[in-house]
Amino acid sequence: MLYSAIDDYNTAQAKQYTREAQYYLKKAEGYQREAAYYTRKGDTDRAKDYTRRANSAMDDHKAQMRYAANADDKAADYLKKAARLLQK
């Protein structure tokens, strides 16, 4: 029962991290569009600012994907432990 609760928690965490990663990816895409717009308009300072924001959002996206993978791995480990206990 304990392993099931922990597995459920880790699975939920992985889903939450994945949703947050998608959020940051959309933010990065929006910032990239803004950077392209300001580049076309010749406003290099704003273009650089939006490029910096896009890079930061992509870093956040990558971090959330790492967190999701770790939570997923933990959930799989707990399932394996529970299966071993059931075999005894």
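Close-up 1. Arg-84 lies in helix H2, which covers residues 44–87. This is a predicted model. Arg-84 is partly exposed, because its relative accessibility is 47%. On the surface, Arg-84 gathers with Lys-80, Lys-81 and Lys-88 in a patch of positive charge.

**Close-up 2. Helix H2 from end to end.** Helix H2 has 44 residues. At 1.5 Å a residue, H2 should span 64 Å.

**Close-up 3. Buried residues of H2.** Several alanines of H2 are buried, including Ala-47, Ala-54, Ala-57 and Ala-63. Ala-68, Ala-71 and Ala-75 are buried in H2 as well. Tyr-50, His-61 and Gln-64 are also among the buried residues of this helix.

**Close-up 4. The salt-bridge network at Asp-49.** The structure holds two salt bridges. Asp-49, Arg-52 and Arg-53 are linked in a network of salt bridges. Side chains of opposite charge can pair when their charged atoms come close.

Close-up 5. Arg-52 and Asp-49 are three residues apart in helix H2, so about one helical turn separates them. Asp-49 and Arg-53 are four residues apart in H2, which also means a separation of about one helical turn. An α-helix has 3.6 residues a turn, so residues three or four places apart point the same way.

**Close-up 6. Exposure of the bridged side chains.** Arg-52 counts as exposed because its relative accessibility is 54%. Asp-49 has 25% relative accessibility, so Asp-49 counts as partly exposed. Arg-53 is partly exposed too, with a relative accessible area of 37%.

**Close-up 7. Ala-69 of H2 and Tyr-17.** Ala-69 is found in helix H2. Ala-69 is partly exposed, with a relative accessible area of 39%. Along the chain, Ala-69 and Tyr-17 are 52 residues apart. Their C-alpha atoms are separated by 8.8 Å.

**Close-up 8. Ala-35 of H1 and Asn-70.** Ala-35 lies in helix H1. Its relative accessible area is 7%, so Ala-35 is buried. Ala-35 and Asn-70 are 35 residues apart in sequence. In space, 33 Å separates the two, C-alpha to C-alpha.

**Close-up 9. Lys-41 of H1 and Lys-62.** Helix H1 covers residues 2–41, and Lys-41 is found in this helix. Lys-41 counts as exposed because its relative accessibility is 57%. Lys-41 and Lys-62 are 21 residues apart along the chain. The C-alpha atoms of this pair are separated by 30 Å.

Definitions and conventions. Residues numbered from 1 in each chain as written. Predicted model: local features only at pLDDT ≥ 70, side-chain atom pairs only at ≥ 80, totals over all residues. Heavy atoms only, no water. Patch = residues over 30% accessible without salt bridge, like charges linked within 9 Å, V, L, I, M, F, W, Y side chains within 5 Å. Areas by Shrake-Rupley, 256 points an atom, 1.4 Å probe, with all protein chains shown as cover. Salt bridge = Lys/Arg side-chain N within 4 Å of Asp/Glu carboxyl O. Lys, Arg positive; Asp, Glu negative; His and termini not counted. Charge placed at Lys NZ, Arg CZ, Asp CG, Glu CD. Helix = DSSP H or I, 4+ residues; strand = E, 2+ residues; numbered from the N terminus. Buried < 20%, exposed > 50% of the residue type's maximum accessible area, 1.4 Å probe, protein only. Expected span 1.5 Å × (residues − 1).
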